[in-house]
Amino acid sequence: MTRILIIEDEEPMAEAIKYSLEKDGLEAEVATDGGAGWRLFEEGGYDLVILDLMLPVIDGLEICRRVRQAGDTPVLILTAKDTELDRVLGLEMGADDYVTKPFSMRELVARVKAILRRASRTLQEFDRDVLEAGDVSIDPERHEVVVRGAVVDLPPVEYRLLELFLKKSGKLLARDYLISAGWRGEFYGQNKNLDVHIRRLREKVEEDPARPRRIVTVRGLGYRYEPCA
Ligand code: CA
């Protein structure tokens, strides 16, 4: 089910958008200020954010910046002011599209669907190939990790780390890079101890976790995945 987050402080407008989306078979939730909107977004699971620019508590540009930082969720900006400034800022902040108020619900739903189509196409192209290095493989489409013929369950951070290792196997991955990519979209209350997660990951992919041959430490710099250890 496609879920859309609407962050818009004019409640009748927000409800009208929700109604139109739901009539079209999409699921939508409303937040009427930036703080509430960001809290909902952080809980995760949204495929698109419809975002008003002028919002109480946290403004739309800041929300847009945070959503971009957190990952690939598309953002459709609603703006009351038809000024170049808003357009430029909205798109420079990484928004996928914008609609100027007043707009028709039909136009809005059409834009939403166009963005969702683009996003799912990108995802398919990106995820088509199984990543494989040595005796470890990831099928991104099925979110399945196989180690020496056995399916292994990985929590999100370890999954993302392994995905990076396989995509860039044989290359040194700096600690900062692994942390920012591994913890994408999870800002608060998360254990960002990279070494702890690497240790857990090694327990799952290494034949002898005490003497890792796949995920090797590059002292002081980061880690490297050895495809043919
Ligand atoms: Ca507003």
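## Reading a predicted model, feature by feature

Q: Asp 52: buried or exposed, and how do I tell?
A: Asp 52 counts as buried, at 3% relative accessibility. Buried means under 20% relative accessible area, exposed over 50%, and partly exposed in between, with a 1.4 Å probe and protein chains only. Before we go on: the model is predicted, so local features need pLDDT of at least 70 and side-chain atom pairs count only at pLDDT 80 or more, while totals for chains, interfaces and linings use all residues. Residues are numbered from 1 along each chain as its sequence is written, and side-chain values use heavy atoms, leaving out hydrogens and water.

Q: Which residues are the protein donors of the calcium ion?
A: Start with the cut-off: donors are N, O and S atoms within 2.8 Å of the metal (3.2 Å for Na, K and Ca), and water is not among the atoms, so sites may look incomplete. Here the protein donors are Asp 9 (OD), Asp 52 (OD) and Met 54 (O), lying 2.0 to 2.4 Å from the calcium ion. Along the sequence, the spacing reads D-x42-D-x1-M.

Q: Which residues of helix α3 are buried, and what do they pack against?
A: In α3 (residues 60-70), the buried residues are Gly 60, Ile 63, Cys 64, Arg 66, Val 67 and Ala 70. Seen down the helix axis, they fall within an arc of 165 degrees, so they line one face of α3; the arc is that of the directions from the helix axis to the C-beta atoms. For packing, contact means heavy atoms within 4.5 Å. The buried residues of α3 pack against β1, α2 (34-43), β3 and β4 (75-79).

Q: Which residue caps the N-terminal end of α3, and what follows α3?
A: Asp 59 is the cap, with a side-chain oxygen 3.0 Å from the backbone nitrogen of Leu 61. Gly 71 follows α3, and its phi is positive, near 155 degrees.

Q: How do I read the packing of helix α6 and helix α8?
A: Two packed helices are described by the angle between their axes and the distance between the axes. Axes are lines fitted to C-alpha atoms, for helices over the stretch in contact, and angles run from 0 to 180 degrees between N-to-C directions. The axes of α6 (residues 156-167) and α8 (residues 194-205) come within 10 Å and cross at roughly 75 degrees. That makes α6 roughly perpendicular to α8; under 35 degrees counts as roughly parallel, over 145 as roughly antiparallel, 65 to 115 as roughly perpendicular and the rest as oblique. Among the residues of α6 that meet α8 are Leu 161, Leu 162 and Phe 165.

Q: Where is Val 57, the residue other than glycine with a positive phi?
A: Val 57 sits in the loop between β3 and α3. Its phi is near 75 degrees, and Val 57 counts as exposed at 69% relative accessibility. Arg 148 also has a positive phi, near 45 degrees. Arg 148 is in the loop between β8 (144-147) and β9 (150-152).

How values were computed
Helix = DSSP H or I, 4+ residues; strand = E, 2+ residues; numbered from the N terminus. Polar contact = N/O pair within 3.5 Å; in protein donor to acceptor, adjacent residues only side chain to side chain.
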